[in-house]
Amino acid sequence: MANDVRVRAYNVRFGDCILVSFTSGSTDKHILIDFGNAPGGVRSQGGINDVFEPVARDLARVTGKRIALLIMSHEHLDHMEGFFSQKAIFNEFEIGDVWMSAMSAPDYYQRFPQCEPEQRARLALHATALRWDREGRFERLPAALRSLIANNVLAVANKDRIDYIRGLVPKSRIKYLSRRARAISVASLGRGVKLEVLAPEKDASVYYANGGHRFWLDATARFGGSPEKRRRTAKNTTPRAPSHIAADEFELLRDEIAELDLADLLAIDKAANNTSLVLRLTVNGKVMLFPGDAEGESWAIMKQKNLLRPVDLLKLAHHGSINGMPFRGTEDVLAQVLKPRKGTVALVCTCRDVYGDTTDTAIPHHELMDLLEDRCKAVHVTQDAAAFGLGFDILL
Amino acid sequence: MAKRTELTTDDTPRGPGSYRRRARAKVYLKDPLALSSRGNFPIGEAIVSGDTSIAPGPTSSRFVVVDYDASTDRVYAPTKWRERVEHWSQGQGEYLYDFAASPGTRQEAQINAWATAVDTLQLFEDEHVFGREVPWAFDGSRIRILPQATYDANAFYSRQTKALHFGYFADRHDRPIKTSLSHDIVAHEASHAILDGLRPSYLESVHPDAAGFHEYVGDAAAMLSLFRQRDFLRQLVMLNVKQRSFFNLVTELAPQVGEGLYGQADRAALRTARNTLTYKQVEHETDPHVRGQVLSGLAFEVLEGVFHARLDSPMGRERGQGRQELFRALMTAARHTMRMLLRPIDLLPPGNITFVEYISVALAVDGHFFPDDGLGYRKIVEKAARKRGLHPSQHDYEYEIESEMPANSKLRERDIAMIRSSRVGAYRFLDANRKNFRIPSNRDFRVVGVGTNRRALGLGERAVPETIVQYLWEERIPLPRDVRSTALDHIVLRAGGTVAVDEYVNLVHWSPQMPTTLRRDALKEHAIRLIKDRAVDFAPVSGLITARPFVASKDDAGTIRMMLNTARMHRGRAHLRSSGASAGQARARAAVASARHAR
């Protein structure tokens with residue numbers, strides 16, 4: 001039917017790839033939101049990028065290689081790796097506009113120096129990861145940690161990935177967006193389409209705060225705190241245990257200390273997730289919310305600023321993890337974004353047994369899924385709804 | 001070159017036929033800055049411990065130095081003693097191990113951190129304080145000391161790594177500063193480990209007083225352990241006792257690290273215990289260091305008060321204020337302060353602690369042992385507590401630790417051998433007396449600690465041994481809907497108490513902590529505040545903690561465990577130098593620094 005909105009979600013293992021299609025006048029229009037998979041090193045299914053090619057081919061088939069708007073929510077590989085990986089196919093696409101989060105703007109950290117700890121922390125994590133890799137220590141880390149690190153640093157290491165997406169359109173058709181009061185209209189999408197940017201905030205340092213103090217991410221940036229001249233060239237060999245300590249006890253201590261340092265990793269991961277572009281899209285009266293991987297801090301601000309409204313389709317943030325909802329008042333937020341009487345369809349782009357090794361840390365989080373099952377018209381989980389590399393449609 | 005003197009203090013009696021081991025080590029009695037800026041002040045040699053073992057590292061029965069630098073991933077060789085002398089002392093065989101290193105070397109930091117940490121443990125285990133061995137909170141007997149752990153202006157105790165981590169950094173003039181050379185910092189961090197061993201739940205409490213109490217114990221130990229070093233006292237009494245600055249070396253904590261971080265013009269030390277802070281002023285303060293300063297201020301007031309009371313007493317006036325008399329008065333004042341303020345820590349309830357509860361126990365314990373307060377020292381504590389708004393009479397009754405103990409005649413199963421035998425034995429005693437100790441019959445409480453002390457009352461006078469039993473049970477408190485999340489929908493209130501009995505199972509002390517409405521509400525209020533302040537995080541990956549002050553996780557039973565992130569307790573003020581910083585970076589850092597100072 002002419003007024004239908006079709007949301008096609010792909011099973012890209014652990015990542016997002018969502019195509020929103022509708023008809024405007026007599027033309028089919030397509031908005032593509034993210035395309036990626038968690039990098040290698042995860043326990044199962046992640047890092048196997050064989051899904052990218054069939055998905056890219058299907059996207060080409062469904063869209064006729066014409067995408068009106070391409071959105072990259074944030075700089076994590078599980079949201080962007082597919083574009084770069086399948087550039088041979090995407091090079092043939094005709095793309096109208098590209099939208100990214102404000103933090104992806106090349107000059108962002110010059111304009112917002114207060115956000116510099118995030119960048120410094122990520123660069124330092126990258127340097128640490130490289131060092132560990134050289135020493136063979138990286139492979140000894142738990143798989144989920146390796147994946148988290150890779151997800152955060154590979155995009156830093158390989159600027160080509162982001163540059164490729166930027167290069168898909170002329171500079172004038174790239175927008176780096178943060179929350180704005182008014183909806184944005186895109187002429188090529190037609191009149192019935194309204195796009196509202198709810199997050200991120202222009203100054204991303206608000207997400208690093210804790211009780212008014214910004215210390216936690218500043219502290220994380222200490223990865224890079226050691227002046228270069230003080231760093232000795234790391235040897236490629238594992239240091240030997242001192243003579244008065246049993247070798248295995250020393251190795252354990254060394255690994256425990258490394259894990260302690262990696263504690264900062266979550267702060268870095270969280271900071272990047274909170275830069276996600278949160279988009280409310282209204283097409284032919286159907287309202288959809290695509291929050292990328294926005295975490296609690298971003299939700300808290302959206303809630304505080306009274307930006308949340310009931311929607312017809314909610315893409316769950318952060319793959320259904322406990323961090324993908326506000327830490328404070330999950331039920332309150334769900335009450336604001338879900339329509340009463342089970343009027344909302346939920347979409348969870350996720351893959352089980354990738355992250356989290358206990359019931360309570362597993363992604364997707366069982367209690368959150370239970371809440372959705374209880375309050376939504378339907379809950380579509382990409383892993384259950386389609387085989388790897390295939391998509392499925394949700395009609396609104 | 002600094003003047004170095006030697007000092008031996010250990011006279012711990014050992015069983016006949018046993019060889020005891022002692023070590024003599026060069027240590028900074030304050031830190032290298034205190035040395036250089038005050039001429040001959042204060043470096044010395046401390047004697048650490050009669051111990052069961054001493055080995056290269058240095059290593060002793062409860063501590064092992066592991067010189068691993070995580071920033072460079074390098075390991076440095078353990079320090080061996082310079083010489084070992086075997087001799088007879090007081091009819092007993094003894095090995096005296098001599099540890100020494102040149103200033104500025106890695107070995108110097110290894111020895112300094114080890115000797116100071118060992119001495120701090122001895123402070124608490126002293127027969128005038130706990131009079132018993134203190135366990136660690138982790139599964140292990142030796143705590144690791146990493147004297148040059150990482151390039152960071154931070155030092156911390158970690159239960160996870162079973163270690164004390166001491167960072168090093170460069171000050172604004174690019175001079176290297178090692179936190180492990182600071183007596184105050186090492187004593188402070190060792191005290192975190194000691195208190196965690198005694199009361200593990202305090203690091204798991206959301207009440208800000210519990211974290212503040214940890215900081216206070218660290219600062220108080222840093223101050224009071226100085227008085228165990230005769231060399232320090234010898235040099236202190238050279239100063240003019242009439243000047244207000246007389247006690248500055250005691251109250252100004254970690255001067256070198258303080259100057260390295262803030263500059264001399266800003267602050268003379270990392271923290272000071274000479275303050276007039278009241279509880280009301282810090283009631284809404286979340287920084288445990290600031291909060292804890294109310295109690296460290298009180299501790300110093302007590303120390304100073306007892307010292308002057310001693311000098312002003314008829315006996316003190318008769319003796320005059322010669323150096324020998326000052327020396328004796330300082331030793332006595334420190335001993336009484338330890339007895340009145342550190343000793344009660346062993347009798348606190350295990351679940352949680354507020355400042356008022358602590359003062360309440362301290363006064364009750366002192367009242368029990370010294371009912372007449374002939375020298376008026378308890379009055380000094382009461383006066384200081386009242387001034388700071390911490391006297392139990394200034395607070396709601398329900399916050400007090402009750403001192404009304406059940407009558408001994410009502411107790412059942414008074415078998416001291418059974419109580420001492422194990423936690424189960426102690427449980428049997430409490431279980432038989434649930435009603436007396438107000439333990440709900442429908443609660444499956446558990447005993448979390450049993451120990452017997454060997455204390456001294458005065459010089460040469462020994463107390464009847466006491467067996468101290470800690471017990472607790474947990475109650476879940478649901479969080480209100482507007483702050484609840486799937487990850488954190490309740491908090492845990494730990495109720496219970498500590499019972500001390502003598503050899504005949506007469507009750508010596510009881511500090512119950514009942515799950516009252518006031519306690520429930522206070523805990524809930526603090527938890528909500530932490531959540532609103534975004535100070536809590538959930539660790540979605542096993543073994544990974546976060547950068548936030550609190551980490552929540554669920555145990556097998558689904559109960560949420562909150563844990564203070566100790567690695568971040570002392571971090572955040574650091575102002576690290578970093579090469580190649582852009583102007584923007586510099587501006588951002590300046591803004592952070594200015595915000596910190598504005599606080």
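Helices here are DSSP runs of H or I with at least four residues, strands are runs of E with at least two, and both are numbered from the N terminus.

This is a predicted model, in which local features need pLDDT of at least 70 and side-chain atom pairs count only at pLDDT 80 or more, while totals for chains, interfaces and linings use all residues. Residues are numbered from 1 along each chain as its sequence is written, with chains lettered from A and ligands numbered from 1 in the order in which they are written.

Back to the helices: H12 (residues 355–369) and H13 (residues 377–387) of chain B pack at about 165°, their axes 11 Å apart. Because angles over 145 degrees count as roughly antiparallel, H12(B) is roughly antiparallel to H13(B). On the H12(B) side, the contact (C-beta atoms, placed from the backbone, within 7 Å) includes B:Ile359 and B:Leu363; on the H13(B) side, B:Arg378 and B:Val381 are among the residues involved.

Further along chain B, strands S20 (residues 490–501) and S21 (residues 507–513) run antiparallel, joined by 6 bridges; pairing takes at least two DSSP bridges. B:Gly497 stands opposite B:Pro512 in S21(B). Between the strands of this hairpin lie 5 residues, and B:Val505 takes a positive phi near 55°.

Finally, chain A has 13 helices and 13 strands.

Note on methods. Axes fitted to C-alpha atoms, helices over the stretch in contact; angles between N-to-C directions. Parallel < 35°, antiparallel > 145°, perpendicular 65-115°, else oblique. Contact = placed C-beta atoms within 7 Å.
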